[in-house]
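Here's one to pick over together.

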Amino acid sequence: MKFVVAITGASGSPYAQRLLAALAETEHHVDIVLSPHAAEVAASETGTLLLPDRFPVHPDTTMQVPFVSGSAKYDAMAIVPCSMGTLGRIAHGYSDSTITRAADVFLKEKRKLLLVPREMPWNLVHARNVVTLIEAGAQVLPASPSFYGQPSTVQEVVDTVVARILDHLGVAHALSSRWKDQGAKE
Ligand SMILES: Cc1cc2nc3c(=O)[nH]c(=O)nc-3n(C[C@H](O)[C@H](O)[C@H](O)COP(=O)(O)O)c2cc1C
C-alpha cells in the first residue's frame, strides 16, 4: 500500500516516530511531509526527529508531489500528531500547503484520512472542526493511550496509540496486546 504520513507541530512526535519505524519494517511505501513547526516541537520532545531512510521526506510548501492530486493512487493519509491549526485548516478547505491540499484530496477522493490530535482540552472551535471532518469522511483518532495492557515504559504507552493508527491504516502489527486476546501481542 501507499501512504502519506504528515507530522505537524502538535505535541506527540514519539507517536510519529514509532508509527514510521513500524511502517519501515513493512513493504508499504510512505511519503512523509513535515509542517514548518514539526521539527521545532519534536526537538523539545525527542530531540532530533528520527525518520526512516527509505521514505522520501517532503516540505510542506511543495505541490510537486503526486499525492496533492486525485490522479495519484494512494491508500491512506495519516496526520500524526495533528495540530488543531492544521485540523481547522483542513475542516475549512484551506489547501495552501502540501499537507492541507493532500488532506483535501483524500477527502474528495473518499480515501482514508486519519487525524491524530493531541490537544487537551478542546474549545468549541476544535469540537466543531472535528465534527465537520467526521461528517466529511475523516477519521479522528485522539492520541489517548490505553492502560489495560499494563504498559510499563513510555514506548509501550506510545505504542497503544500507534497500534490503533496501524489498525485503521490496515497494517498488520504486533505493537501492543489486544483486550482478552490470550496471544498477548497480536
Ligand atoms: C512545544 C509545543 C507544543 C505544542 N503542542 C501543540 C499541541 O499539542 N496541539 C496543537 O494544536 N498545537 C500545539 N502547538 C502549537 C503549534 O505548533 C502551532 O499552532 C503551529 O502553528 C502549528 O502549525 P502546523 O499545524 O503547521 O504544524 C505546540 C507548540 C509548541 C512549541
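Met 77 stands opposite Leu 113, which sits in strand 5; strands here are DSSP E runs of at least two residues, helices H or I runs of at least four, numbered from the N terminus. This is a predicted model, where local features need pLDDT of at least 70 and side-chain atom pairs 80 or more, while totals for chains, interfaces and linings use all residues. Residues are numbered from 1 along each chain as its sequence is written.

Q: How do you know that strand 4 and strand 5 pair?
A: Two strands pair if DSSP finds at least two bridges between them. Strand 4 and strand 5 (residues 112-117) are joined by 5 bridges and run parallel, so they pass.

Q: What makes strand 4 mostly covered?
A: A residue is buried with 20 or more other C-beta atoms within 10 Å of its own, exposed with 12 or fewer, partly exposed in between, C-beta atoms being placed from the backbone. In strand 4 (residues 76-82), 7 of 7 residues are buried. Both faces are covered, with Ala 76, Ala 78, Val 80 and Cys 82 on one side and Met 77, Ile 79 and Pro 81 on the other.

Q: Why are Val 5 and Ala 78 said to touch?
A: Contact means C-beta atoms, placed from the backbone, within 7 Å. Val 5 has such contacts with Ala 78 and Val 80, among others.

Terms used:
Contact = placed C-beta atoms within 7 Å. Lists of a residue's contacts leave out its neighbours within four places in sequence.
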